[in-house]
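Student: I'm new to this one and would like to learn how to read it. Could you walk me through it step by step?

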Amino acid sequence: MPGISDSFTTAAAFHSAMAILTARRFQRLALLTVVALVFYILLDQADYVAIPMVPKTGQYVQSTYDWARRRMKYPFDESKLIKLPEGIPRELPRIQYDFSQDEASESHIKTQKERQEAVKQAAKKSWNAYRKYAWGRDELLPEKLTGKDTFAGWGATLVDSLDTLWIMGLNDEYKEAVQKTATINWDKTTSSHCSLFETTIRYLGGLLSAYDLNGDQVLLDKAVELGDMLYAGFDTPNHMPANSFNFREAKAGSLRPSMGESSAAAGTLSLEFTRLAQLTGDPKYFNAISGVTRALEKTQDDTNLPGMWPVFIDVSRNEPENPISAKGSSFSLGASADSAYEYFSKMYVLLGGLDPTYKKLHMKSMATARNHLLFRPMLPDLYPATPPDVLLSGNVYANGQDIIDLQPQVQHLGCFAGGMFALGGKLFHEPAHVKIGEQLARGCAWAYEAFPSGIMPEVSEIIPCPAPSSAPSSKDEEEEEFPRCKWDDATYKEANTAPGRYPKPFRAVQDPSYLLRPEAIESIFIAYRITGKKDLLDIAWRMFTAVQKATETNEAYTAISDVNVAPGEEQADAHGRGGTRSRTKNSMESFWIAETLKYYYLIFSEPDLISLDDYVFNTEAHPLKIPKPGKGAEGKEGLDTEKEA
């Protein structure tokens, strides 16, 4: 038993130890309080918010920067916020042909299924090569069999292909792709900047489409993260989008719109931002793109070619009511302009017909294009019967005074115009536009078959028929709107610097490559779904087999450098020497799986698979669900967003 003195000593030691522990606890508590306070302050500084990477649900991993908490340097006026149109979506006109009235033979059904399967195998081969050699990278280099980052390194092919995998029934591939997509960190990039336009159509469009098709919540979560980042592109003095999206500048609110922005980059954000607003109920996304729409509406009649906008426009004007200047002289439905026009009719559809602005924008621009950009090519005497009824779209130089000069340059990118005219024609009761759309679609298919490879070039020039002296005065004269003309060999030789080098009536080829682009089959697909004409299926198959033969590699598919050379033949170099250049370009962009193969697959599928009456495609071929009259899902009144399995 211890003595009394020992007890006092022990007690004193105990109290001393407790005092030390209490002090240490207080210090730790104080330190934790300070850390928590600092963390709270940092959270309140919305420009720089760090979010711990903790799984939220399933495989979802939140990005390390929360753009939703970032404070805008140039906030929108809340009192002038433009919200989604109110009301129940209208019953829109039927777009697709009524295929139920046609009884297809067993051999026809069998043929289409075999064609569909061939396309599916091409997609599977392409995807497997990407999965094996470039997983998580933006695209595959199909000859070097390695990855390449061209769109910030988030995995453009990964996200761009999601809906294609789902539509084709590649379920295992789809599930694995979703798991990978769920871990994308938008704050981790391989570049200092991205394109607002490309990121919107490929990444945001891909996420929203896959969500609309399958309903995986993780895809909408990632879409919201990305949408909040891209929303910062509108944090500019005049609220026009800054396409060159520098991440550091975006966080600081120092992005600036360009004085020479492509009209496509400025005008091709509306579908994706609108669908995001519909799915989340957050009006900020729709408000952002509505400012661009209103600015385009104000300038539509005040350009050198009223009704259309020049290829490049100034979106930097610091005038809230007039932020755009459109005084250029070059007009086109091709590169840098194309999808701005494509989205007008599609926005009308996505908004359920509740905003007439988009109908007006579409109708005015198509009238101008019809009068000035479209032409009939002078066809050679090569046809045993009636020459094909085809149109093409060129460029126009207009000075706003007395010159409107057609430049018959044909771009593969411009081949989408056939589908645009046909879709708008059905939507707005303009049968003449449906016919023009089919003629344009067949025009690009004709250009495919004109070249030795069976594929049309990226950019070429062609000899046009003389323009009609005046526009038709009545509906009865539509047949003569683009009159045919006879072949004139003298005209051909006079206009062609190297007769015989290219197939007639092509007089020049500025870019002979084929980049695995989708625009030609896109219009053939839409023309088939609208008209029901079965010969378009055979045209599509000839196009696909030509593309497959010319572009297939051992493990994937690649862009090629010269469509004027048949597969297996030697290719001349720039000086005409044979066998000195590779035909391939070692490139397989994400749109090969996302667009080209999707359209080939769908045209050979049952017509109710991704019906044009249920979905509207963005410019990257991502189908978005069309709001319909009826009970809304997810609390969205008037929206029928029921997911399809």
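Tutor: Arg317, for example, has 28% relative accessibility, so Arg317 counts as partly exposed. Two notes before we go on. This is a predicted model, in which local features need pLDDT of at least 70 and side-chain atom pairs count only at pLDDT 80 or more, while totals for chains, interfaces and linings use all residues. Residues are numbered from 1 along each chain as its sequence is written, and side-chain values use heavy atoms, with hydrogens and water left out.

Student: What is the mean pLDDT of the protein?

Tutor: First the idea: pLDDT is the predictor's confidence in each residue, from 0 to 100. Here the mean is 88, and 84% of the residues reach 70 or more. Over residues 32–58, though, the pLDDT is below 50, and that stretch has 33 contacts beyond near neighbours in sequence. Contact here means heavy atoms within 4.5 Å. Residues 577–581 also stay under 50, and the model gives them 12 contacts beyond four places in sequence.

Student: Which residue forms a salt bridge with Arg317?

Tutor: In general, side chains of opposite charge can pair when their charged atoms come close. The cut-off for a salt bridge is a side-chain nitrogen of Lys or Arg within 4 Å of a carboxyl oxygen of Asp or Glu. The partner of Arg317 is Glu319, with the closest N and O atoms 2.9 Å apart. Glu319 has 35% relative accessibility, so Glu319 counts as partly exposed.

Student: How many salt bridges does the structure hold?

Tutor: There are 34. One of them joins the side chains of Arg275 and Asp212, at 2.9 Å from N to O. That pair links distant parts of the chain: Arg275 belongs to helix 10 (residues 270–280) and Asp212 to helix 6 (residues 196–214), 63 residues apart. Helices (H or I, at least four residues) and strands (E, at least two) are DSSP runs, numbered from the N terminus.

Student: Are Arg275 and Asp212 buried or exposed?

Tutor: Arg275 is at 0% relative accessibility, so Arg275 counts as buried. Asp212 is buried too, at 1%. Now look at another pair: Glu449 forms a salt bridge with Arg542, with 2.6 Å between the closest N and O atoms. Glu449 sits in helix 15 (residues 431–450) and Arg542 in helix 18 (residues 535–551), so this pair also links distant parts of the chain, 93 residues apart. Both count as partly exposed, Glu449 at 46% and Arg542 at 41%. Salt bridges can share partners as well, and in that way Glu438, Arg442, Lys533 and Asp535 are joined into one network.

Student: Which residues touch the most other members of the largest nonpolar core?

Tutor: A nonpolar core is a set of buried Ala, Val, Leu, Ile, Met, Phe, Trp, Tyr and Cys residues joined through side-chain atoms within 4.5 Å. The largest one has 174 residues, and Met229, Phe245 and Ile524 touch the most other members. Helix 6 supplies the largest share of this core, 10 residues. Beyond four places in sequence, Ile524 has contacts that include Ala441, Leu536, Met543 and Ile603. A second, separate core of five residues includes Ile463, Cys465, Trp487 and Tyr492.

Student: Where does Ala556 lie?

Tutor: Ala556 is in the loop between helix 18 and helix 19 (591–603). At 0% relative accessibility, Ala556 counts as buried. Its C-alpha atom is separated by 8.2 Å from that of Trp127, 429 residues apart along the chain. Not counting residues up to four places away in sequence, Ala556 touches several residues, among them Lys125, Leu140 and Met588.

Terms used
Buried < 20%, exposed > 50% of the residue type's maximum accessible area, 1.4 Å probe, protein only.
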